[in-house]
Each structure stands twice: as C-alpha cells, then as structure tokens.
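Please open the structure in your viewer and keep the selection tool at hand. The tour goes from one selection to the next and says what is there.

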Amino acid sequence: MFLMLFVTTGVGNGSTYRMIPVIFRNEKLRGVRQRDPEALDAALKAARIEGATVLGFVSAVGACGGYLIPRSFGASIKATGGVGVAMLVFVAFYATCVGLTWVCYLQRKPKPSGAGLPAAIEAQI
C-alpha cells in the first residue's frame, strides 16, 4: 500500500507541475486575437510569471505532505490500531483531485478560434 500511495502521489505531483504552465499559457494566449507580436510576447511573459507563482505556491503546499502523511498514519494507528482509515482518506482525497481536474481541465471543450495567432502557437492551444 505504501508503494502504491507513493507511486500515485508521484504521478499526481508530476502531472500537476507539468499541467500548470500549460494552463496559464493557454489562458493567456486565448486573449490574443490579432497577429500582434508585442501582445503575444506580453501574453507569454505574463503566463510565465503567473505560472511560476502558482508553481511556488503549489510547492509550498506540497511540502506539507511530508508532515501530514506521517501524522495521518500516526493518528489512524492511535485511533483504530491500523492505517486503514488513513489510506481510505488518502484514496478519497486523490479521487476527488482526479475528478476536479477532469471537470475543470480535461473535458472536451470546443477549441477556441486561434484567429490571428501564428500557426505554431495555434497548434498548441
């Protein structure tokens, strides 16, 4: 169970760190409708800054896991004599995170019109 917990945590962690910059870049590029290189550069710069800020915040929150996971196991053992309750809470939390990610970011949505964007950028949206 520990191995499964840490593998799924690692997959979630890696996908989060990979997904955040892409989300910010796509959101900023949606606002650029013309073939304006200055607007495109400004949008990409803003996306990098905001993405980096969110990654820093997510890293700080993620660092709490090194404290909260062992504390959860300890509390579960103290309350029930085993780690089963803690594992159920972790599974429920991760399932909720997967569900929220799917609802917010992975559903098929109509592609925005990339009118006016360079073809290389339009292909990434």
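The stops below belong to a predicted model.

**Stop 1: the core.** Select Leu5, Ile69, Phe73, Ala86, Met87 and Phe90. These six residues form the largest nonpolar core. Now colour helix H3, residues 65–80, and helix H4, residues 84–106; each of them supplies at least two residues of this core. Which helix gives the most to the core? That is H4, with three residues.

**Stop 2: Leu5.** Stay with the core and centre the view on Leu5, one of its members. Apart from neighbours within four places in sequence, Leu5 has contacts with Ile69, Phe73, Phe90 and Tyr94.

**Stop 3: Ser76.** Go to helix H3 and pick Ser76, which is found there. Is Ser76 buried or exposed? Its relative accessibility is 5%, and buried means under 20%, so Ser76 counts as buried. With residues up to four places away in sequence not counted, Ser76 touches Gly81, Gly82, Val83, Gly84, Val85 and Ala86. Ala86 also belongs to the core of the opening stop.

**Stop 4: H2 against H3.** Select helix H2, residues 37–63, together with H3. The two helices pack at an angle of about 30°, and their axes are 5 Å apart. Angles under 35 degrees count as roughly parallel, and H2 and H3 are therefore described that way. To see the contact, show Val61, Gly62 and Ala63 of H2 with Gly65, Gly66 and Tyr67 of H3. Three residues of this contact are nonpolar, three are polar and none is charged.

Notes. Residues numbered from 1 in each chain as written. Predicted model: local features only at pLDDT ≥ 70, side-chain atom pairs only at ≥ 80, totals over all residues. Heavy atoms only, no water. Core = buried A, V, L, I, M, F, W, Y, C linked by side-chain atoms within 4.5 Å. Buried < 20%, exposed > 50% of the residue type's maximum accessible area, 1.4 Å probe, protein only. Helix = DSSP H or I, 4+ residues; strand = E, 2+ residues; numbered from the N terminus. Contact = heavy atoms within 4.5 Å. Axes fitted to C-alpha atoms, helices over the stretch in contact; angles between N-to-C directions. Parallel < 35°, antiparallel > 145°, perpendicular 65-115°, else oblique. Nonpolar A, V, L, I, M, F, W, Y, C, P; charged D, E, K, R; others polar.
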